[in-house]
Each structure stands twice: as C-alpha cells, then as structure tokens.
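These are my notebook entries on a structure I looked up.

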Amino acid sequence: MQSLFFEFLLALSLVAKIDGALDLSSSERPKTPVYNGQCNPPFTPVEGSHCYFLSHDEFETNWLRAQQFCSWLHPEGRLAEFETLEELVGATVFLTIDNQNGTYPWTAPGPWIGAIELGDSNEFVWASSNSSIEATNWSPSRPNSPTVGDGVALDASNNFEWIDLSNGTEIPMLCEMPANSPELICPESFFSLGDSCYFVEENSKDWEDAQTVCESLATGGRLVELETAEEVILLKRHLDLNDYSCTGN
C-alpha cells in the first residue's frame with residue numbers, strides 16, 4: 001500500500017511540474033499490462049508496452065557509445081526517448097521504485113537517455129528523429145552545462161530529474177526497444193488471422209440477428225469490419241481455401 005501511495009504521489013508531482021497544473025490525465029489512463037513475450041532479454045517489460053534495459057553500475061560509457069550499445073542489444077534498440085508525458089511519468093515511477101529496491105544501485109549521477117543538445121543552444125531533441133521534446137523533467141537551473149552537444153542524464157539522487165552533461169561523461173544508460181506484439185489468443189470457436197479473431201456462422205441470418213449472435217459469442221464481438229485491403233485479402237483467401245459456404249435456415 002505504501003508503494004502504491006508513493007507511486008501516486010510521484011505521478012502527481014511530475015505532472016504538476018511538467019504542465020504547471022495538476023493534470024492527471026496522463027496517469028489516469030489505463031495502461032496495457034505486462035504480457036508474455038513483451039520484450040527480448042535483457043530488456044525488462046513495463047506497463048504501457050514499454051521495454052527498458054537498465055545498466056545500473058555494471059556498465060558506464062559516454063553518450064555516443066551508450067547509443068551504440070543499445071543498438072547492439074536489439075536491432076531497434078536506442079537510448080530511451082519519452083515521447084509522451086504518460087511515458088515520461090511511467091518511466092520515472094518505474095525507475096524510482098527500482099532504485100528504492102536497491103538490488104542494483106545506480107552509479108551517480110544516473111543513466112543517459114536519448115536526448116541531445118543542438119550545438120550550444122540549450123535546446124534538446126530526441127536523437128532518433130531530431131524531433132523536439134514535448135515533455136521534460138529538468139532539474140531546477142538546468143540545462144546549464146557550458147559544453148557543446150550535451151547529452152541528458154537522469155539524476156538518480158534527485159528523483160531522476162533531468163540534467164545536462166558533457167556527452168563524453170562516462171555514466172550508465174537506459175536503453176529501450178519496441179515491445180513485441182502480444183500473442184493473439186482467440187475465444188473458443190474463433191480462428192486467428194493477422195491481428196484479429198474471426199468466427200463464421202454458415203447459417204443465414206438477417207443483419208440484426210447476425211450482430212446479436214456475434215455479440216453473444218465473445219466480449220467485444222461484432223460483425224466483421226474490414227478496415228484495410230490486407231484484411232480483405234487475408235480473409236477472402238482463408239474462406240476460399242477452407243471451402244466455406246452459406247446455407248439457408
């Protein structure tokens with residue numbers, strides 16, 4: 001209970017600091033729970049379909065080599081980039097709870113993330129896309145490093161607030177990889193095809209009765225809605241190959 005209460009307070013604090021107002025919209029949204037196969041080793045699955053690798057004090061290097069190291073862990077690996085306020089809050093809560101457990105301590109100041117300074121401008125972008133950073137969590141008086149092309153680290157001694165450091169500083173890293181798609185498990189009598197589950201009723205029904213049958217078969221059941229050309233092709237091929245036919249009542 002104490003841990004949950006702390007997590008809630010931390011989320012409130014972050015949202016208030018980032019937005020300048022007490023807006024809980026990002027932390028109130030239900031998050032996708034952790035599922036089997038979400039991440040490849042050595043990444044850790046986190047709610048919201050995120051996968052992080054925490055090097056703690058076991059490996060330290062400069063910003064560029066940290067970025068390279070992340071790409072060695074997974075073909076799409078990179079230093080973590082928090083593209084939404086929701087992800088920023090969730091990652092900071094996750095790191096804080098991990099740090100409280102104390103099993104693997106962070107070497108001060110903390111891990112690199114994927115933000116990099118444009119020249120000596122004190123303006124930072126996400127390195128993978130060169131896109132502006134929408135949600136930040138700067139420590140007071142930061143950014144203020146006098147060097148050019150600084151990287152951003154999370155200060156483990158100060159609730160993982162953001163600090164800018166010379167990109168040659170050797171510290172730990174926080175990597176991320178895109179989550180794997182969850183395994184599709186279809187209800188009984190349905191078959192899987194692509195990312196969806198289907199059921200074929202071979203007896204004729206009017207539209208309303210057919211919709212009622214679909215709703216009764218599974219939670220969220222409905223008459224099929226073919227949203228992409230790929231789905232049309234997949235379903236047509238399946239029906240042709242399996243000799244489905246419709247008969248009257």
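I started with Glu58, which I found in the loop between β2 (50–54) and α3 (63–73). The model is a predicted one, so I kept that in mind for every entry, as its local features need pLDDT of at least 70.

Next I looked for a nonpolar patch on the surface. I found one made of Val224, Leu226 and Val232, and together they have about 230 Å² of accessible area. I placed Val232 in helix α6, residues 229–241. Val232 counts as partly exposed because its relative accessibility is 35%.

Then I went to the interior. In soluble globular proteins, nonpolar side chains tend to be buried together. I noted that the largest nonpolar core has 26 residues, and that Tyr52, Phe82, Leu95, Ile113, Leu154, Trp162 and Leu174 touch the most other members. I listed the elements that give two or more residues to this core: β2, α4 (85–101), β4 (112–117), β5 (124–126) and β7. Which element gives the most to this core? I wrote down α4, with seven residues.

My next entry is on salt bridges. Side chains of opposite charge can pair when their charged atoms come close. How many salt bridges does a search of the whole structure find? The search finds seven. I looked up Arg78 and saw that its side chain meets that of Glu83 in a salt bridge, at 3.1 Å from N to O. Arg78 is partly exposed, as its relative accessible area is 24%. Glu83 is partly exposed too, with 48%. Arg78 also forms a salt bridge with Glu176, where the closest N and O atoms are 2.8 Å apart. This pair links distant parts of the chain, since Glu176 is in strand β9 (residues 174–178) and Arg78 is in strand β3 (residues 78–79), 98 residues apart. Glu176 is buried, because its relative accessible area is 8% and the cut-off for buried is under 20%.

I took another pair, Arg222 and Glu227, and noted a salt bridge with the closest N and O atoms 3.7 Å apart. Arg222 counts as partly exposed at 47% relative accessibility, whereas Glu227 counts as exposed at 60%. Back at Arg78, I saw that salt bridges with shared partners join Arg78, Glu81, Glu83 and Glu176 into one network.

I then checked the backbone. Most residues other than glycine have a negative phi, and most peptide bonds are trans. I noted a cis peptide bond between Pro41 and Pro42, with omega about 10°. Pro42 is in the loop between α2 (25–28) and β1 (44–46). The bond from Arg142 to Pro143 is cis as well, with omega near 0°, and Pro143 lies in the loop between β6 (131–132) and β7 (151–155).

For positive phi values I noted Asn159, at about 60°, and Phe160, near 60°. I found Asn159 in the loop between β7 and β8 (161–165), and Phe160 has its place in the loop between β7 and β8. Asn159 is partly exposed, with a relative accessible area of 43%, but Phe160 is buried, with 2%.

Conventions:
Residues numbered from 1 in each chain as written. Predicted model: local features only at pLDDT ≥ 70, side-chain atom pairs only at ≥ 80, totals over all residues. Heavy atoms only, no water. Patch = residues over 30% accessible without salt bridge, like charges linked within 9 Å, V, L, I, M, F, W, Y side chains within 5 Å. Areas by Shrake-Rupley, 256 points an atom, 1.4 Å probe, with all protein chains shown as cover. Salt bridge = Lys/Arg side-chain N within 4 Å of Asp/Glu carboxyl O. Helix = DSSP H or I, 4+ residues; strand = E, 2+ residues; numbered from the N terminus. Buried < 20%, exposed > 50% of the residue type's maximum accessible area, 1.4 Å probe, protein only. Core = buried A, V, L, I, M, F, W, Y, C linked by side-chain atoms within 4.5 Å.
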